[in-house]
Amino acid sequence: MTKDYIIDQLKKQIENFETLTQTEKVGTVVEVGDGVAKISGLSDAMASEMLEFPGGVFGVALNLEEGAVGAMILGDYTGIKEGDIVKSTGKILSVPVGDMMIGRVVSPLGVAIDGKGEIKSETYYPVEKIAPGVITRKSVSVPVQTGIKAIDAVIPVGRGQRELIIGDRQTGKTAVAIDAIINQKGQDLICIYVAIGQKESKIARIVAELEKRGAMEHTIMVVAGASDPAALSFISPYAGCAMGEYFLDKGKDVLIIYDDLSKHAWAYRQISLILRRPPGREAYPGDIFYLHSRLLERSARLNEDFGGGSITALPIIETQAGDVSAYIPTNVISITDGQIYLETDLFYKGIRPALNVGLSVSRVGSAAQTKAMKKVAGKLRLDLAQFRELEAFAQFGSDLDENTRKQIERGRRTIEILKQDQYEPMPMQNQVAILYALTNGFLDDVVVEKVKAWENDFHKYLQSSAKETLELIASKKELAEDVVASLEKAIKEFKETYQS
Amino acid sequence: MKITVTQYAKSLYEAIKDKPQIEVDLVVTNFLKLLQKNGQMKLAKKVSEKFSAIWNKEQGVVEAEVITRYKIQDTMTKEIEKFIKEKYSAKEVVIKNVVDEKIQGGVIIKVGDELLDASVAGMLENLKKELAK
């Protein structure tokens, strides 16, 4: 490009530039503090309308009072001072959406923050939207394969479901969610990870991990970091959901992870208190329940007449010292269709994912489970329940009768099989194979300490010598007679050749 | 019940309108006495502001703030007055001229919370936005 060409282009642009002078509705800032501004004037402002502050910073009108508007500022509020002129834009807060968002890391306003260039979009979706109604919906019928044995077998998640991941800090809540994203590689589920008030270092680590495993190709990261204003943390889950709704309207399936909603509640509490809304229990405002219920209601499975798309939500809640009866955890538990409960004690016992199978439930997911998985999972659940009952007697060792001892031994092996390393999601057919082997007693003669090694070698063997069995399970998705025969043959052959 | 500023201003307007000047003075004196009796003299300033807003609205008076680079001349004032009268269908226009060198040229007209930006600075800002796209 020559210098003349650039100047020419500029000249053209300037010549074509038309000055439009229009009357605008304006107000003046009377009060600013901690990301919230009080503006007098702006008589026609709408609720959640975007307002433009000087310097290109945007805000959202939250409180409409007589003669004044309370607005939160989305971005840097240090430059805003008393007496500044605020213009109304006539637009409801919306974010750019589209296919080009996939693979990108964006701020809650849809601005790229990964340094891979600007994201240009013609389509905008409103951040706040009313959830799909009854007639558009359908109950869940297709599973989300998280690739985690314990979840896919015992607490299955269906497409369109809202399954809460709850637990103390450092129990692997995010790890479960990230594994679920990684397992969608090469499949038809688009993933959106919404970080709410998370440490930037943690976000960077997740992005690097997803990129390394090729999982960014189907993932959007919506990031409101810990150093961003509370207003951004507050809108980020809604913005992430709006980006998902674009794909929902296209009839696609979406998985959204909100990490985490406790911080979201804190951000909203901060904004509400500064806006002088009356505080309630634990100083949260009165509409804190609606805050989360309206967000999670937007996850849905639509019926074929409305495109047949779905949004599955995996909200995360961090509890304090295992207290699930605190305000926000009980709220979100009651909104969601089940919870995955992670425990510190189990985590330190080496059971990872530290899933408490007794307290975790999935209220609708079993309808979406594949037939094959349903069959092995039924037995697995029974084994686990019996083991839990008898676990207390385990220390008596040899004094127990044959039957009890057997059940305890089976339980120990089950716990061992349900352990799974991070970043190693397992395909459905492998899960069915190993769980079939377990529940049908093929592992009973393996020493507990060596179960893990046995499992690893078993999967390797299936991959190399019994590929057709795996393919059979994957395609039929049920344990028909021929599938069972093929699977049993593979297991027996493996056992014969296997030396630990 | 507590009486609000708006209620005071409205009732004062109702009492004053369509009355000759002599009676107006009396009404205002009585009104101030009432305020004093209610112990709300501190509201007087706010009431007077609200009252002028109501008065202007009811009587078709529009107060406009006109921001220019240099002090505006009489002919210009008349034209702006005419423009505002038409735009807001007002009977009377009160113009307050503010000189601000920062706008570089042109004019900014502010009426209530509506703003008409026809200043050079504003246009340059728009051009900047356009070129940055």
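Angles under 35 degrees count as roughly parallel, over 145 as roughly antiparallel, 65 to 115 as roughly perpendicular and the rest as oblique. The model is predicted, with local features requiring pLDDT of at least 70 and side-chain atom pairs pLDDT 80 or more, whereas totals for chains, interfaces and linings use all residues. Residues are numbered from 1 along each chain as its sequence is written, and chains are lettered from A in the order in which they are written.

**View 1. Packing of helix 1 (residues 5-16) against helix 3 (residues 44-59) in chain B.** The axes, lines fitted to C-alpha atoms over the stretch in contact, lie 8 Å apart at an angle of about 50 degrees. Helix 1 of chain B and helix 3 of chain B are therefore oblique to each other. Their crossing is right-handed, that is, the near helix is turned clockwise from the far one by less than a right angle.

**View 2. Residues between helix 1 and helix 3 of chain B.** Contact requires C-beta atoms, placed from the backbone, within 7 Å. Helix 1 of chain B contributes residues including B:Y8, B:L12 and B:Y13, and helix 3 of chain B residues including B:F51, B:I54 and B:W55. The contact comprises 9 nonpolar, 1 polar and 4 charged residues.

**View 3. The contact of chain A with chain B.** Chain A provides 13 residues and chain B 11 residues. On the side of chain A, strand 1 (23-33) and helix 1 (3-16) each supply at least two residues; strand 1 gives the most, with 5 residues.

**View 4. Strand 1 of chain A beside strand 4 (residues 114-119) of chain B.** The two strands run antiparallel and are joined by 3 bridges. B:E114 is the bridge partner of A:K25.

Key
Axes fitted to C-alpha atoms, helices over the stretch in contact; angles between N-to-C directions. Helix = DSSP H or I, 4+ residues; strand = E, 2+ residues; numbered from the N terminus. Contact = placed C-beta atoms within 7 Å. Nonpolar A, V, L, I, M, F, W, Y, C, P; charged D, E, K, R; others polar. Pairing = 2+ DSSP bridges.
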